[in-house]
Amino acid sequence: MNDYTALTPMEFDKVVERHLRFLDSRRDGARANLKFHDLSSARFAGRNLAGADFTGAKLRSADFRGANLEGACLFGADLAGADLTEAKMAKADLRGAALRGATMVRAILTEADLRDGYLVRHKNGEFEAKAAETQHVELSDAKLRGARLNKAKLSNAFILQTDLRDTDLRGSVFVRADLSCSDLTGCNLEGADLSQANLSGAKLDGAILSRAILRDTNLSNSSLVGALLDGVDLSMANLTGAEMVSRMGNVEGEVGAILRAHHEWMLSNGVKGQRANLSKKDLTGQDFTGLNLSAANFRGAILTGANLTGSILAMADLGLTDLRGVQLAGADIRGTCFERASMNLANLANVIAGPMELRSGQSWQTNFKAARLGAAIFTSADLRQCNFCESDLSQASMANTDLTGADLKDTVMTMTDLRGANITKADFRGAKDLQLP
């Protein structure tokens, strides 16, 4: 016997129409009641279904792109393979929902409830449990890149091998959740509760974990390169095989030897010496003033508060590096990689960051893609053709800079100062809160 109710397109449109009247408090309005309906592959794109009831509904491969599902009840719903791109789902009830393989890119799930729950079915006017055991939320293989899940409840959820890159997970609860082998690159987990969660094999490169709770958290074989761990107690977490920053026994001596070998490597065009490799090293507060560090490898290092004033970092790799509060004024950073670096409050005044012209006749642009540059100072800098795509430039000072041909697509530019900047052929498509002078 088929327990699910089917609707013709005309019947469905009538339900949605009455729901809109309900939302507007108009006559003959009624909240959409789609409990235990089979709406697989249905098209909900752009529809306003805020507060609708989809309890236990079959919504496999349904199209919810840009739909409004705020406060909707999706308790126990089957959304496997559904497209929820940019859907608004704040405070939605998703307990026990199946979201395996769903696409939720840039979806808004603020304060959504994704805990486990008992799926019940309506039968003969009564509710009965589908199963004796608790139904866990299933998010495995889902695509949630750029989604907003801050303050969401995800305890006991299965989130295996899930794309969570650049998601906002601040204050979310993941107690006993299984996030093994998921990609959390660049996500914000500030203040999140990950107690007893399984993050084995997970990728947390460049993630913000400040003040996160990691009590009995399994981080074995995970990657934490460039992760911000301010105020985090790692003493009770399992870090076996985890890849993260290491401390140097004799910082001054070891760094000095590496820099001397690097200088010889540059003078001999690579015949003698060795390229500087300070990747994943803690170099907090180190003084590199005026040094030639061209092509050096600092990837994933901690350089908080370091002094690189007037240094030469052309073609160097500083991707995923913690450069908060660093002094880079007047530095030559042509062709340098700062992808996903944390550079809040960094001083880059008067830097030379135009493209590096190679002997082959090609040019290599300076890369700030997805970097955190909040309140950074770029005053009077040469930023021609720089790649700032997807970076956060909130409150950054870019006054009197040369941004000719720069790529600023999908950047966050809240209160960014562009007074006197040359923005000829700069690409601002998708920039948020952009205010041109």
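The protein chain has a mean pLDDT of 92, and 95% of its residues reach 70 or more. Helix H1 (residues 9-23) comes out highest, at a mean of 93, while strand E2 (residues 126-129) sits lowest, at 41. Across residues 120-134 the pLDDT is below 50, though this stretch still has 25 contacts in the model beyond near neighbours in sequence. Where pLDDT is low, the predicted coordinates should not be read in detail.

Now for the aromatics: the structure holds nine aromatic pairs. Take Phe54 and Phe64, whose ring centres are 6.1 Å apart with planes at 85 degrees, so this pair counts as edge-to-face. Both residues come from the loop between H1 and strand E1 (120-123), so the pair ties together parts ten residues apart in sequence. Phe54 is buried at 0% relative accessibility, and Phe64 is buried at 0% too. Phe288 and Phe298 make another edge-to-face pair, with centres 6.0 Å apart and planes at 75 degrees. These two lie in the loop between H2 and E3, again ten residues apart in sequence, and both are buried.

Leu23 belongs to helix H1 and is partly exposed, at 32% relative accessibility.

Finally, look at Asp322, in the loop between helix H2 (251-267) and strand E3 (356-357). Asp322 has a relative accessible area of 7%, so it counts as buried. Leaving aside residues up to four places away in sequence, Asp322 touches Leu228, Ala301, Ile302, Leu303, Thr304 and Ser342.

Technical notes: Residues numbered from 1 in each chain as written. Predicted model: local features only at pLDDT ≥ 70, side-chain atom pairs only at ≥ 80, totals over all residues. Heavy atoms only, no water. pLDDT = per-residue confidence, 0-100. Helix = DSSP H or I, 4+ residues; strand = E, 2+ residues; numbered from the N terminus. Contact = heavy atoms within 4.5 Å. Buried < 20%, exposed > 50% of the residue type's maximum accessible area, 1.4 Å probe, protein only. Phe/Tyr/Trp six-rings, centres within 6.5 Å; stacked < 30°, edge-to-face > 60°.
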